[in-house]
Amino acid sequence: MKRVCILGISGKLGRYMVEHALARGYEVQGVCRPESVGKLGPWKDRIRVFPGRTDDRTVVADAVKGCDGVLVVLVPWGVSGYATKTAEAALDLAEPGARLAFSCGWHITRDGKDRYSLGFRLMLGIVAPLMRLFRFADISDQVRACDTIFASDRDWTVVRGSDLEEGPSEGLPVWSEHVGDAVLASNRTRRTDFALFMVAALTDRSLIRKAPAIVSCASPSGRSAAPPA
Ligand SMILES: NC(=O)c1ccc[n+]([C@@H]2O[C@H](COP(=O)([O-])OP(=O)(O)OC[C@H]3O[C@@H](n4cnc5c(N)ncnc54)[C@H](OP(=O)(O)O)[C@@H]3O)[C@@H](O)[C@H]2O)c1
């Protein structure tokens, strides 16, 4: 891995990914909305920024050129298919053979075998329609985006984040195939470690075409996980 592109580079997750990718010695470039370029000030001499929306195919085509890894922050803002168009742009325009990693939450299910708590289902059942009603965000757009990724034969990983918290790194999160698995019960991950997992996924071939649900390795349930072989 030499050069990575981050679509959504100026958000909280994006900026943590910048740190982790630079720490690995990668060249880093990325796309963010023009009004957000200032958020990248601390790294301005070490990264290349392509101002634009992450669903703008012209901008994405330039930004992913020459990148062997593409990290995509999938967010369902608005009701115009922002997440789906962002995912399609990454899948269609990344270099042949590039590794792709997409972020989302536990609500995404690949095979319908995730088991959600009543609280989680209630929250989603109430919050999602309200967000759509006020045209603030459309969770079903993120679902469509991920279904498009799951159907793709590119080398993708969809990383499903638990509830996030700020704070120093606790180490690479542990993961499981399905929400509801005992190891995930603590449902918390440091945001910096979510970013660490995204960046690490680019060089982990065992994660190709997987949708790992992650949890902090230092959380009570995460500590119960078998150590990596
Ligand atoms: N928040 C959580 O608790 C949580 C839990 C599990 C998983 N996740 C996943 O983690 C990822 C990052 O989520 P986050 O909450 O931590 O947010 P974040 O890192 O702050 O990222 C938000 C992204 O959305 C962009 N954005 C904000 N408003 C926008 C708009 N109106 N139009 C277009 N783009 C806009 C931001 O760009 P600007 O910098 O330009 O504003 C930024 O790239 C997502 O994939 C999410 O599904 C989040």
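**Helices, shell and loops**

Me: What makes α4 count as hardly covered?
Reply: The count of buried residues among the 16 residues of α4 is 0. To be buried, a residue needs 20 or more other C-beta atoms within 10 Å of its own. The model is a predicted one.

Me: How do you know that the span of helix α4 agrees with its number of residues?
Reply: Helix α4 covers residues 118-133, which is 16 residues. The expected span is 1.5 Å times one less than the number of residues.

Me: Which residue just after α4 takes a positive phi?
Reply: R135, with a phi of about 55°. Most residues other than glycine have a negative phi.

Me: Why is helix α6 called mostly covered?
Reply: Of its 11 residues, 9 are buried. Among them are F194, L196, F197, M198 and V199. T192 and D193 are buried too. The helix runs over residues 191-201.

Me: Is the crossing of α1 past α6 left-handed or right-handed?
Reply: Right-handed.

Me: Which residues come nearest to the ligand, and which elements give two or more residues to the shell?
Reply: Of the 22 residues around the ligand, G8, S10, G11, S36 and G161 come nearest. The elements giving two or more residues are α1 (12-23) and β5 (99-105).

Me: How many residues of each class does the shell around the ligand have?
Reply: It has 9 nonpolar, 8 polar and 5 charged residues. Gly counts as polar here.

Me: Why is N187 called partly exposed?
Reply: N187 has 16 other C-beta atoms within 10 Å. Buried needs 20 or more, and exposed needs 12 or fewer. The count of 16 lies in between, so N187 is partly exposed. N187 sits in the loop between β8 (174-176) and β9 (189-190). Its phi is near 50°, a positive value in a residue other than glycine.

Me: What makes R209 partly exposed?
Reply: R209 has 14 other C-beta atoms within 10 Å. That is between the limits of 12 and 20, so R209 is partly exposed. R209 belongs to the loop between α6 and β10 (213-215). It is not a glycine, yet its phi is positive, about 60°.

Definitions and conventions:
Residues are numbered from 1 along each chain as its sequence is written. This is a predicted model: local features need pLDDT of at least 70, side-chain atom pairs count only at pLDDT 80 or more; totals for chains, interfaces and linings use all residues. A residue is near a molecule or strand if its C-beta atom, placed from the backbone, lies within 6 Å of it. Helices (H or I, at least four residues) and strands (E, at least two) are DSSP runs, numbered from the N terminus. A crossing is left-handed if the near helix is turned anticlockwise from the far one by less than a right angle, and right-handed if clockwise.
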